[in-house]
Amino acid sequence: RPSSFDLRAEIEKTVSSFSKSSFSDEELSLLRNRYEEYVQRVEFQNDPSNFPVFSTLPFQETISFESLKSKHDYLLIDVWATWCGPCLAQHPTIDSLYSANKDTKDFTIVGLAISSSKDHWLNYLKKGVVKYPNYYLDSDNSEIFKKALNIMEIPRYVLLRTRDLKIVEQQIEFNNIERVLRKYKL
């Protein structure tokens, strides 16, 4: 449990006190290592600035989300759904911002469609409303993403620093997107 992290020294003392006749040095070392791995994993999951791990489906010939993260210093992520009227209304403005900046390595814009029907997502994007890369999250991956970022409403704009997969801005208001990009010199 995360509450046990404060007890690391006590846990180490307890492990060290185990009888050498009952446990080999290798077993004790394995126990210590597994505990540290567990602590690191839970600390990573509990840090809201860490970007969650999830799977996406790219729209048509779009490169994978993983590859896109490696090509840009930052990703401005448009979190949207096909049933969200405000999301759809903001797409033309976001698409214009993407078009004006699409050749920079500094950042790019991507869409993540959550809590949507795959067919509705495909049909909407086939209309050519947006040109920026878009990815679909199925219901399981939508839940992982929403839980990790505590998403209660959309549209939502998130700025991800890709070198360390840290969320540097978690809830950018639509009217403040360009100001936030300037803040990071993007």
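1. Leaving aside neighbours within four places in sequence, phenylalanine 145 is in contact with Phe51, Pro52, Phe54, Val79, Leu112, Ile114, Leu137 and Ile151. The model is a predicted one.

2. Phe145 is also among the residues with the most contacts inside the largest nonpolar core, along with Phe65, Leu76 and Ile77. That core has 44 residues. Strand S2 (residues 74–80) supplies the largest share of the core, six residues. In soluble globular proteins, nonpolar side chains tend to be buried together.

3. Helix H5 spans residues 118–126, and its buried residues are Trp121, Tyr124 and Leu125. These lie on the same side of H5, because they cover an arc of only 90 degrees around the axis. The face turned away from this buried side carries the exposed residues Asp119 and Lys126.

4. Which elements do the buried residues of H5 pack against? They pack against strand S1 (57–58), S2, helix H4 (85–101), strand S3 (107–113) and strand S4 (134–136).

5. At the N-terminal end, serine 117 caps H5, with a side-chain oxygen 3.3 Å from the backbone nitrogen of aspartate 119. Glycine 128 follows H5 and has a positive phi, near 80 degrees.

6. The model has 12 aromatic pairs. In the pair of tryptophan 121 and tyrosine 136, the ring centres are 5.3 Å apart and the planes are at 35 degrees, so the pair is tilted. This pair joins helix H5 to strand S4, across 15 residues. Tryptophan 121 is buried at 0% relative accessibility; tyrosine 136 is buried at 10%.

7. Ring pairs also link Phe51, Phe54, Phe65, Tyr135 and Phe145 into a cluster.

Notes: Residues numbered from 1 in each chain as written. Predicted model: local features only at pLDDT ≥ 70, side-chain atom pairs only at ≥ 80, totals over all residues. Heavy atoms only, no water. Core = buried A, V, L, I, M, F, W, Y, C linked by side-chain atoms within 4.5 Å. Buried < 20%, exposed > 50% of the residue type's maximum accessible area, 1.4 Å probe, protein only. Helix = DSSP H or I, 4+ residues; strand = E, 2+ residues; numbered from the N terminus. Contact = heavy atoms within 4.5 Å. Arc of directions from axis to C-beta. Polar contact = N/O pair within 3.5 Å; in protein donor to acceptor, adjacent residues only side chain to side chain. Phe/Tyr/Trp six-rings, centres within 6.5 Å; stacked < 30°, edge-to-face > 60°.
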